[in-house]
Amino acid sequence: MKKSAAFPYPFLFLFLLIKVIAFRVLIFDTKSLVSILLIEFPMWALLLSLVLMAVKKRVWLAVWIYNFLVSVIFFTVTLYIRYYSTIPSYYDLQQTTQSGSVGRTIVMLSNPFDFLFFLDAVLVIILARKWAAPKQKWPLKYAAVALALIGATTTTYALQQPIVDVSYFAKENGYIQSQVVQMYHRSNETAHASFAKLSPKQLEALKGNEYVEMDQQKGFGLAKDRHLFVIQVESLQNFVIGKSVNGQEITPNLNKLLEESAYFSNVFQQIGAGTTSDAEWIANTGLYPQGMIPTVNSLNGEEVPSLPRTLQTYGYGSATYHADDVTFWNRDVLYPVLGYDEVYSNEEIPNIKPVGFGPADEVVFDFAAKKLPKQLVKYDRIYANIVTVTSHTPFVMPEEMQHLDLPAEYEDMYIGNYLQSVRYADEQIGAFIEELKDQGLYDTSLIAIFGDHSGMHGSLVTEEDQALIEDFIGHPYTLKDQFTVPLLFTGGNLFNGIQMERLGGQVDIMPTILALLGIEHETPMMGHNLFHYEKNLLGMRYYMPGGSFIQSEQIYKAPGAKLPEVLYDMKSMGTRGKNSETKKHIRDTDTLLNYGDLLLEPYLKD
Ligand code: GP9
Ligand code: MN
């Protein structure tokens, strides 16, 4: 086919502009032309002009590759934000191969219109058949210089701004600029030098409490010398506890156990991008996770003062059990950093009854139960950390594991599957508690059970699911319902059914366990003993825009990619206006998160 004249390349910029507009509107819900034309578009256009200037042969191919890469970025960011409610950064790419949540549900997350991002890649193929490649003409150089100047100005301005929330930052300063600024901060070693150390007294003051020495605190030593079992339950949210559907309890075993537990019903998840592994990190260090990056991806291998290590000095032997490949979430790095004596993963746990990631929870609990007698011979006391995984998104289990008789409208719904899998997890926990009783360990153990993070979130929750959840809980599904996970402490003759509604976070799990065991930890932790302290302040990142906080009376959602800031009343979850307390909490949260980063720093790669 004879090709006509060279394609007028300004049209290539026009196609790119349309794509950038679609991206901004979809991601940030903003139609502001100023930010599109002055902030977002010039950077992408600069890259295109550089491609056009640099490539002399096979120009159409170069244009196609550039367009295709931009389409891949826009498409990925769109899916990512739909699930995580935040934009991904360049370093999140490391995680896409391990994040079951994204990798496995990508098909469910995309909507046919998202593929329109690839329209120009098709268009370029069609144009290339008819037209000769666009030729570089003199205005291109001048356009590139102008674009470079605009780009340099907006990037320099962005570098002066603090990144409180990365999505909001990208909305205000441009996506490419947000990546450049993050690269700059990550390579700048002195970035954290200004973070202040806090004394235990100052830390409690930020939360609104008066500091009390550990051994003077309520609950100290209540479970002294007991064995410790920590059961981290996949996707277990608080809203299922005590609830029934069709006359059947969702968590009959946990509900029964509550009669002899201390139950904290207002504990918030604090995980970041590392989800389950972040929960393991938080619960075993009392430290914050990194937030925007899975903590496990950044560990430098340095041994952290952890729950297993501190317990070791008191004669405890520790073991962790999780039925997935140990390299998933870099647990092969995480576990030595935490210092477990024994690690059991899918290599040791028999692969029977596989569901999702590996053998079903009953196999893991059974495996752990069989290990106990030997460990009791080997160590004075034992600490077993059991991480369940069967109740994982998308919560689909074989028919014979579904024991709830759900109303027809729950059939094949996300929430229906969720309730079935939570019920399954509950049954396995119940069976394990019985096993501990049979082995005579229940009366000499402290058992902590908590959920790692929400299961009902993101775009997999359809409007019908949402309506069913609201019907199930009897009120609108709020942030509080989404982010609260049950936390209970139990064991023979320890508690007789107390429920505490005070605010807690996952960082409080380890300090509370140690307080009950009457053991002091040598190094600072971010959390505190929940039996003693009434007030709390938790800094949030990742699942809420950076700068958001959860405080005993108020929940603040900082401005993010699409939505403006919102303040909620903790009790009613109604929206409310900011007061002077809010402003103080915003400042204190910044101090708290910076302190969290400072404590984390020795364990992270540069
Ligand atoms: C994978 C399992 C699930 O090993 O722990 O992880 P999640 O996707 O919930 O982070
Ligand atoms: Mn999880």
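Select Q270, I271, G272, Y288, P289, G291, G539, M540, R541 and L593. These residues line the second largest cavity. A cavity is a set of points on a 1 Å grid over the protein atoms alone where a 1.4 Å probe fits but cannot get out, and lining residues have an atom within 4 Å of a point. This cavity holds about 80 Å³ of space. Its volume is the space filled by probe spheres set on the points, which are joined across faces, edges and corners. The lining divides into five nonpolar residues, four polar and one charged. Here Ala, Val, Leu, Ile, Met, Phe, Trp, Tyr, Cys and Pro count as nonpolar, Asp, Glu, Lys and Arg as charged, and the others, Gly among them, as polar. The whole structure has three cavities of 30 Å³ or more.

A word on the model. It is predicted: local features need pLDDT of at least 70, side-chain atom pairs count only at pLDDT 80 or more, and totals for chains, interfaces and linings use all residues. Residues are numbered from 1 along each chain as its sequence is written, chains are lettered from A and ligands numbered from 1 in the order in which they are written, and side-chain values use heavy atoms, with hydrogens and water left out.

Next, select ligand 1. Around it are 13 residues, and T275, T276, D324, R331 and H392 come nearest. To count as near, a residue needs a heavy atom within 4 Å. This shell has four nonpolar, six polar and three charged residues.

Now show the polar contacts (pairs of N or O atoms within 3.5 Å). The T275 side chain has an N or O atom 2.3 Å from an oxygen atom of ligand 1. For E234, that distance is 3.1 Å. For T276, a polar side-chain atom lies 2.6 Å from a ligand 1 oxygen atom. Alone, ligand 1 exposes 310 Å², and the protein buries 100% of that. Areas use the Shrake-Rupley method with a 1.4 Å probe.

Last stop: K353 and E362. Their side chains form a salt bridge, 3.3 Å from N to O. That term means a side-chain nitrogen of Lys or Arg within 4 Å of a carboxyl oxygen of Asp or Glu. The structure holds 17 salt bridges.

Terms used:
On a 1 Å grid over the protein atoms alone, a cavity is a set of points where a 1.4 Å probe fits but cannot get out, and a pocket is an open set with protein on both sides within 12 Å along at least five of seven lines; lining residues have an atom within 4 Å of a point. A polar contact is a pair of N or O atoms within 3.5 Å; within protein, one must be able to donate a hydrogen and the other to accept it, and residues adjacent in sequence count only if both atoms are side-chain atoms.
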